[in-house]
Amino acid sequence: QVQLVESGGGLVQPGGSLRLSCAVSGTSFIVRNMGWYRQAPGKERELVATGRTTYADSVKGRFTISRDNTKKTVYLQMNSLKPEDTGVYYCNTDPVFYSWGQGTQVTVSS
């Protein structure tokens with residue numbers, strides 16, 4: 001049973017930074033290409049970063065994806081946050097293969 005557990009979200013002011021973590025269990029993590037997805041209020045979930053270091057235009061230059069295979073964890077470093085980055089962030093494979101975790105809420109507001 002694969003579990004994806006996201007954490008690290010919170011309330012941050014515009015221009016601030018957050019680092020999200022995604023702990024992966026129950027799978028051969030090392031062979032999976034992982035990604036981070038975002039679902040903004042009233043919008044569909046979108047892919048914002050992949051393990052192949054591909055980024056959505058809206059986050060390019062501000063977000064960085066990384067992983068630690070020994071800890072089976074994927075990270076998303078988010079800098080220069082903007083209000084439009086607000087949403088629930090999820091990790092999953094790219095393309096999506098596993099059930100979604102609970103996500104972690106990121107709110108960018110002054």
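These notes go from the whole chain down to single residues.

**Overall.** I am working from a predicted model. I looked up the secondary structure and found nine strands and zero helices. I read the order from the N terminus as β-β-β-β-β-β-β-β-β.

**Size.** I checked the radius of gyration, which is 13 Å; this agrees with the value near 13 Å for a compact globule, because the protein has 110 residues. I noted a C-alpha trace spanning about 40 × 25 × 20 Å along its principal axes.

**Surface and contacts.** I found that 44% of the 110 residues count as buried. I took down an accessible surface of about 5,800 Å², with 49% of that belonging to carbon and sulfur atoms. Of the contacts with a separation of 6 or more, I noted that 57% join residues 24 or more positions apart.

**Strand 1.** I looked at residues 3–7 and sorted them by face: Leu4 and Glu6 are on the covered face, while Gln3, Val5 and Ser7 are on the uncovered one. Side chains in a regular strand alternate between the two faces of the sheet. I then traced the pairing of strand 1 with strand 3 (residues 18–25), which is antiparallel over five bridges. For Glu6, I found Cys22 as the bridge partner in strand 3.

**Thr86.** I placed Thr86 in the loop between strand 7 (73–78) and strand 8 (87–93).

Notes:
Residues numbered from 1 in each chain as written. Predicted model: local features only at pLDDT ≥ 70, side-chain atom pairs only at ≥ 80, totals over all residues. Heavy atoms only, no water. Helix = DSSP H or I, 4+ residues; strand = E, 2+ residues; numbered from the N terminus. Buried < 20%, exposed > 50% of the residue type's maximum accessible area, 1.4 Å probe, protein only. Pairing = 2+ DSSP bridges. Rg over C-alpha atoms; globule rule 2.2 N^0.38 Å. Contact = heavy atoms within 4.5 Å. Areas by Shrake-Rupley, 256 points an atom, 1.4 Å probe, with all protein chains shown as cover.
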